[in-house]
Amino acid sequence: MANFAGLNSITLNPGDELPPLASGRMRLYNMRFCPFAHRSVLYISKKKLPVEVINVNLKEKPDWFVQRNPLGKVPMIEHDGKVVFESLIVNEYLDELYPETAILPTDPYERAQQKILVERLSSVQAAFFAFILNKDDDYTQAIESMEKALANAESLLFDDFYGGKTTGYADFAVWPIFERFPTITLNPKIGVKEFPGAKHPKLSAYIERMKQQPEVKAVMKPVELYEKFRQGYLVEKNPDYNLGI
Amino acid sequence: MANFEGLNSITLNPGMASQNLFALSSVLVGDELPPLTSGRMRLYNMIFCPFAHRSILYISKKKLPVEVIDVNLMEKPDWFVQRNPLGKVPMIEHDGKVVYESLIVNEYLDELFPETAILPTDPYERAQQKILVERLSSVTGVFFAFMMNKDGDYTQAIESMEKALENAECLLVDEFYGDKTTGYADIDVWPIFERFPIITLNPKFGVKKIPGIKYPKVSTYIKRMKKQPEIQAVMKPVELHENFFKSAWIEKNPDYNLGI
């Protein structure tokens, strides 16, 4: 994708030198499979901002990473000596820096509604993590939470997108989870064959529609790759950050 | 406080003329919701809620003319749930529009009334205030760890408290988290600092002083905050906070009329 430099570059480890950042250039510190960093990757993708990406080893964090962000989290934006982190804070910051490509509405009430939607859709994220962090192979609770979360997400979808007629702030907040959720159908122990399933027709159509959006397609990864990463990261405790490169 | 109507109001009985600015309080299920005039702004509140307190402080500092409806959160009135299916306070209503979630409400108020903006205008400074709120969130966690503890073993809670206070101490680089004046992050975290002394009132918790001598900056900060007019105007005595938490968390029968 034209605006990104290094989106799928080799992950940097402790001891790897950090290339200097030219004045006026913007950099995103990323992890290739992180759903939170993915929110900012989508935002930058839609806004077509020229950004260079540094992919970071989050298991063993390089010094230069922790120096810039003591919390050691991605996504993180850096430009002209300034550092901003936390995905939703980064996204709103990018809109404030580049209002000509603003994704958040300008109207205060509409802005608030997008942020409230993100809160109201947060159960989708919690439901997904219940599956991937599951330790005892009993997925009854996780499946129940998922059905609730999907019913909720279905009821909140009034238009083509959560942002209205076009992909918006709330869509980019929740899409990384929807892109990863189908991994649960790849694990026979979970017993879920379809996602989101016939009970959620609006969501099913929404997910297909999102996959067609250029900004989403440009940075999308196959479900099998996410599942492979999960195996390495959570099961073998040995994440392969460079899968798929 | 001049801009608030109804912030600590005496319950109106039918037929009773209102004596002063204060008009409504702890509206119970079945109580009729007074109509909201066009152009007026209303805050749905719960008298002791720390999250609603964030928006009370914001409105207090911005001196916005707002009427307050105190809601019974244990038995939520229909008109409350209709406006906000999540049934949470704080909630702002004006001209048919409803906004909730304390931090979303606060930023919304700054966008509606930029002349009294508390958040900075510079994008980077705004982001830093929001990041501070995230970084101070462990303070809120600590408070609830004590209040919601079930097994009587407070070792973990005390450990979390020390970590959170150490963190808050190192993040305080000026007079306030908002620098030279109370800001978005101060208002976000103050409701918990105001309630913190509850932890010292209960001998079971085993905490004699909070924040304690290990945290001189935070100790000075708390004293400084208590002097700020916007804080003072809506502050409640610790004993009142404590009595409410006892009624709500231990007796499971919150007394919304405490202190009125």
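This is a predicted model: local features need pLDDT of at least 70, side-chain atom pairs count only at pLDDT 80 or more; totals for chains, interfaces and linings use all residues.
Residues are numbered from 1 along each chain as its sequence is written, and chains are lettered from A and ligands numbered from 1 in the order in which they are written. Chain A and chain B bury about 1,900 Å² between them. In chain A, 5 strands form an open sheet, and in chain B 5 strands also form an open sheet.

**Annotated domains**

- UniProt positions are given in the numbering used here, feature names are shortened, and annotations may be inferred rather than shown by experiment.
- In chain A, UniProt places "domain: GST N-terminal" at residues 24-102, from an unreviewed entry.
- Residues 24-102 of chain A are 38% helix and 23% strand, with end C-alpha atoms 20 Å apart.
- Helices (H or I, at least four residues) and strands (E, at least two) are DSSP runs, numbered from the N terminus.
- In chain B, UniProt lists "domain: GST N-terminal" at residues 39-117, from an unreviewed entry.
- Residues 39-117 of chain B are 38% helix and 23% strand, and their end C-alpha atoms lie 20 Å apart.
- UniProt also lists "domain: GST C-terminal" at residues 122-256 of chain B, again from an unreviewed entry.
- The span 122-256 of chain B is 64% helix and 0% strand, and its end C-alpha atoms lie 40 Å apart.

**The sheet of chain A**

- The strand order in chain A is 1-3-2-4-5, with mixed pairing; two strands pair if DSSP finds at least two bridges between them.
- Strand 1 (4-5) and strand 5 of chain A are the edge strands, each pairing on one side only.
- Strand 4 and strand 5 of chain A pair in the antiparallel sense over 4 bridges.
- Across this pair, E78(A) stands opposite V83(A), and H79(A) stands opposite K82(A).
- Strand 4 and strand 5 of chain A form a hairpin with 2 residues between them, and D80(A) in the turn has a positive phi of about 50 degrees.

**The sheet of chain B**

- The sheet of chain B has the strand order 1-3-2-4-5 and mixed pairing.
- Strand 1 (4-5) and strand 5 (97-100) of chain B are at the edges with a single partner strand each, so one side of each has no neighbour in the sheet.
- Strand 4 (residues 91-94) and strand 5 of chain B are antiparallel and pair over 4 bridges.
- V98(B) in strand 5 of chain B is the bridge partner of E93(B).

**Backbone details**

- Most residues other than glycine have a negative phi, and most peptide bonds are trans.
- D80(A) is not a glycine, yet has a positive phi.
- V74(A) and P75(A) are joined by a cis peptide bond, with omega about 0 degrees.
- P75(A) lies in the loop between helix 2 (63-68) and strand 4 (76-79) of chain A.
- In chain B, a cis peptide bond joins I210(B) and P211(B), with omega about 5 degrees.
- P211(B) is in the loop between helix 8 (198-201) and helix 9 (216-227) of chain B.

**Salt bridges**

- Over all chains the structure holds 27 salt bridges, each defined as a side-chain nitrogen of Lys or Arg within 4 Å of a carboxyl oxygen of Asp or Glu.
- One of them joins E52(A) and R27(A), whose closest N and O atoms are 3.0 Å apart.
- This pair links distant parts of the chain, with E52(A) in strand 3 (residues 51-55) and R27(A) in strand 2 (residues 26-30) of chain A, 25 residues apart.

**Contact between the chains**

- The contact (heavy atoms within 4.5 Å) takes 21 residues from chain A and 21 residues from chain B.
- Of the buried area, 67% is on carbon and sulfur atoms; buried area is the accessible area (1.4 Å probe) that two parts lose on being put together, summed over both.
- There are 4 salt bridges between chain A and chain B.
- E107(B) forms a salt bridge with K115(A), with the closest N and O atoms 2.9 Å apart.
- Strand 5 (82-85), helix 3 (87-97) and helix 4 (108-120) of chain A are the elements that give two or more residues to the side of chain A that touches chain B.
- Helix 4 of chain A gives the most to this side, with 9 residues.
- The residues on this side of chain A divide into 12 nonpolar, 1 polar and 8 charged; Ala, Val, Leu, Ile, Met, Phe, Trp, Tyr, Cys and Pro count as nonpolar, Asp, Glu, Lys and Arg as charged, and the others, Gly among them, as polar.

Terms used: Side-chain values use heavy atoms; hydrogens and water are left out.
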